[in-house]
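Please examine the sequence and the model shown below.

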Amino acid sequence: MTDFFDWIEHFDAPISKIHVAHPNQIQIDMLRLDQMHPTLSGNKCYKLFYNLQDAIANGKNEILSFGGAFSNHLHALAYAGKLLHLKTIGIVRGDACENPTLQDCSAWGMDLHFVTREAYRQKSSTAFLEEMHQQFPNACIIPEGGDNDLGRKGSALILGKSHLDYDVIACSVGTGTTFSGIINSSLPNQKVLGFAALKNADYLNAEIAKHTNKQNWKLITDSHYGGFAKVNPRLRAFKDEFEAKHAIELDMVYNAKMMYRIFELIRENVFESNVKILAIHTGGLQGNRSGLASAL
Ligand SMILES: *Cc1c(COP(=O)(O)O)cnc(C)c1O
């Protein structure tokens with residue numbers, strides 16, 4: 001990894017064919033953003049791309065951001081910070097704790113600060129941000145998950161020249177930042193489907209519409225299987241089966257839900273014959289260490 005930015009900008013993610021037994025000849029290929037690098041992978045790299053580039057261009061060498069205790073975003077930021085010799089500060093939701101994610105972050109030099117859930121909820125408020133600025137006057141503050149214009153611009157780098165002939169692009173949705181970026185770089189004749197990983201996600205339709213002029217997209221809101229970071233036995237069984245059959249690990253929070261819903265839609269005959277689907281594996285596998293994938 002000689003140059004971080006060059007690497008991400010020119011990364012041509014491998015594609016895995018997912019065999020589907022269906023008379024309509026449906027083709028699903030998976031774009032493996034989980035395969036970028038052993039530690040640094042997934043959509044979070046793309047969302048950080050311009051955020052970090054911008055911070056460096058503005059002479060900042062300290063980056064502060066927010067996340068939960070198993071945050072893929074903080075994990076990626078900590079590692080990128082180590083590579084780029086940037087000081088990183090992670091504001092973590094909830095009581096002080098230790099887990100593999102946070103241990104990695106610390107080992108890569110991130111300073112962790114725990115804040116109560118109540119305080120964390122205010123993380124986008126002017127008062128809270130002002131407090132952060134007082135406490136860390138030199139830090140460039142990136143919103144949770146890299147959810148901003150620069151994050152969307154970076155996500156637009158995910159689709160490239162190799163993806164022009166897919167009819168449908170599928171990706172999982174948390175804040176919708178990645179989805180918006182992908183919509184913006186899709187072709188007008190492609191349909192972009194977003195699979196919400198959270199309950200009551202209808203409000204995201206308006207959010208996403210704010211950030212794109214295109215109409216070739218649809219947010220699927222019944223793909224949460226109980227809510228954000230919630231799991232039900234059917235989903236767990238699907239994930240195990242999928243991984244055994246296709247030898248591709250899925251993270252429980254986002255990609256397992258997207259793939260499960262895609263397979264259900266295929267069974268419901270929603271897709272036309274011979275459709276070519278590109279499902280974006282957004283990574284997040286480090287999060288499986290939360291035990292969500294095994295505990296019930
Ligand atoms: C954060 C994340 C998402 C959701 O991305 P948004 O831009 O917030 O919608 C999807 N998949 C994985 C693995 C993630 O870590």
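**The ligand and its surroundings**

A backbone N or O atom of G176 is placed 2.9 Å from an oxygen atom of the ligand. A polar contact here is a pair of N or O atoms within 3.5 Å. Taken alone, the ligand exposes 380 Å², of which the protein buries 97%; these accessible areas come from the Shrake-Rupley method with a 1.4 Å probe. The structure is a predicted model, in which local features need pLDDT of at least 70 and side-chain atom pairs count only at pLDDT 80 or more, while totals for chains, interfaces and linings use all residues. Residues are numbered from 1 along each chain as its sequence is written, and side-chain values use heavy atoms, with hydrogens and water left out.

A polar side-chain atom of K47 lies 2.7 Å from an oxygen atom of the ligand, and an N or O atom in the side chain of S172 is 3.5 Å from a nitrogen atom of the ligand. The shell comprises 16 residues, and K44, K47, T175, T178 and T282 come nearest; a residue is near the ligand if one of its heavy atoms lies within 4 Å of it.

Two or more shell residues are given by each of helix 2 (43-57), strand 7 (168-173) and helix 8 (177-185). Helix 2 supplies the largest share, three residues. Helices (H or I, at least four residues) and strands (E, at least two) are DSSP runs, numbered from the N terminus. By class, the shell has 12 polar, two nonpolar and two charged residues. In this scheme Ala, Val, Leu, Ile, Met, Phe, Trp, Tyr, Cys and Pro count as nonpolar, Asp, Glu, Lys and Arg as charged, and the others, Gly among them, as polar.

The second largest pocket is lined by 13 residues, with V168, K191, V270, F271 and E272 nearest its centre. On a 1 Å grid over the protein atoms alone, a pocket is an open set of points where a 1.4 Å probe fits, with protein on both sides within 12 Å along at least five of seven lines; lining residues have an atom within 4 Å of a point. The lining of this pocket divides into seven nonpolar, five charged and one polar residue.

As a whole, the protein has 11 helices and 10 strands. Its C-alpha trace spans about 60 × 40 × 35 Å along the principal axes.

Key: A polar contact is a pair of N or O atoms within 3.5 Å; within protein, one must be able to donate a hydrogen and the other to accept it, and residues adjacent in sequence count only if both atoms are side-chain atoms.
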